[in-house]
Amino acid sequence: RVQLVESGGGSVQAGESLRLSCAPSGFPDSIFCLAWFRQVPGNEREGIAAITPADNFPYYLGTVKGRFTISRDNAKNTVYLQLNSLKPEDSAMYYCAADLTSASCAGIWWRAARYNDWGQGTQVSVSS
């Protein structure tokens, strides 16, 4: 198992930005698919971005593409999610997730069932 620690959430005004971080521990090379999900109470977790470690190829949910950017710093073994132009509807708990069985995020990266390891989440709240 890998331990995932998220940070960077907070309360902001609409239009502002946040940068979330996810630091996997226990796997120094992190050669596996990492993804970001978000969840609001009463709803299922929604896959919003994922990144393949071999080539840093990103995947995005259509509604966040162009506003959110996923990236990874291999030297720091950290994955980031840059949230720009935030909207009130982006308010949610954001989770980092890992699929240790695959070095690529290709395929159904947006399905929560694919991932076995999850962080505790970091809250993002956007007010209008």
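This is a predicted model: local features need pLDDT of at least 70, side-chain atom pairs count only at pLDDT 80 or more; totals for chains, interfaces and linings use all residues.

Biologist: Rings, then. How many aromatic pairs does the structure hold?

Modeller: Seven. Rings of Phe, Tyr and Trp (its six-membered ring) pair if their centres lie within 6.5 Å; planes under 30 degrees apart are stacked, over 60 edge-to-face, and the rest tilted. One of the pairs is F57 with Y59, edge-to-face at 5.1 Å centre to centre with 70° between the planes.

Biologist: Is Y59 buried or exposed?

Modeller: Y59 is buried, at 18% relative accessibility, whereas F57 is partly exposed at 43%. Buried is under 20% relative accessible area, exposed over 50%, partly exposed in between (1.4 Å probe, protein chains only).

Biologist: And why do Y115 and W118 count as edge-to-face?

Modeller: Because their planes are at 75°, with the ring centres 6.2 Å apart. Y115 is buried at 3% relative accessible area, and W118 is partly exposed at 23%.

Biologist: Which residues do ring pairs link into a cluster with those two?

Modeller: F37 and Y95 join Y115 and W118 there. R45 comes in too: its charged end sits over the ring of Y95, 3.7 Å from the centre, and R45 also lies over the face of W118, at 4.6 Å from the ring centre. That call needs NZ of Lys or CZ of Arg within 6 Å of the ring centre and within 35 degrees of the ring normal.

Biologist: Switching to strands. What does β4 pair with?

Modeller: β4 (residues 33-39) has six of its seven residues buried. It pairs antiparallel with β9 (residues 92-99) over seven bridges, with C33 opposite D99. Five bridges join β4 to β5 (residues 46-52), also antiparallel, and F37 stands opposite G47 there. Strands are DSSP runs (E, at least two residues), numbered from the N terminus, and two of them pair if DSSP finds at least two bridges.

Biologist: What's in the turn between β4 and β5?

Modeller: They form a hairpin with six residues between them, and G42 in the turn has a positive phi of about 90°.

Biologist: Now the inside. Which residues have the most contacts in the largest nonpolar core?

Modeller: W36, F68, L81, L83 and Y94, in a core of 25 residues. A core here is a set of buried Ala, Val, Leu, Ile, Met, Phe, Trp, Tyr and Cys residues joined through side-chain atoms within 4.5 Å. The largest share, four residues, comes from β9.

Biologist: What does Y94 touch?

Modeller: Leaving aside neighbours within four places in sequence, its contacts (heavy atoms within 4.5 Å) include E6, W36, I48, F68 and V124. Apart from that core lies another, of nine residues, among them F37, A97, C105 and W109.

Biologist: Last one: what's the order of the open four-stranded sheet?

Modeller: β1-β3-β8-β7, with antiparallel pairing. β1 (3-7) and β7 stand at the edges with a single partner strand each, so one side of each has no neighbour in the sheet. β7 and β8 pair over six bridges, and D73 stands opposite T78 in β8.

Key
Residues are numbered from 1 along each chain as its sequence is written. Side-chain values use heavy atoms; hydrogens and water are left out.
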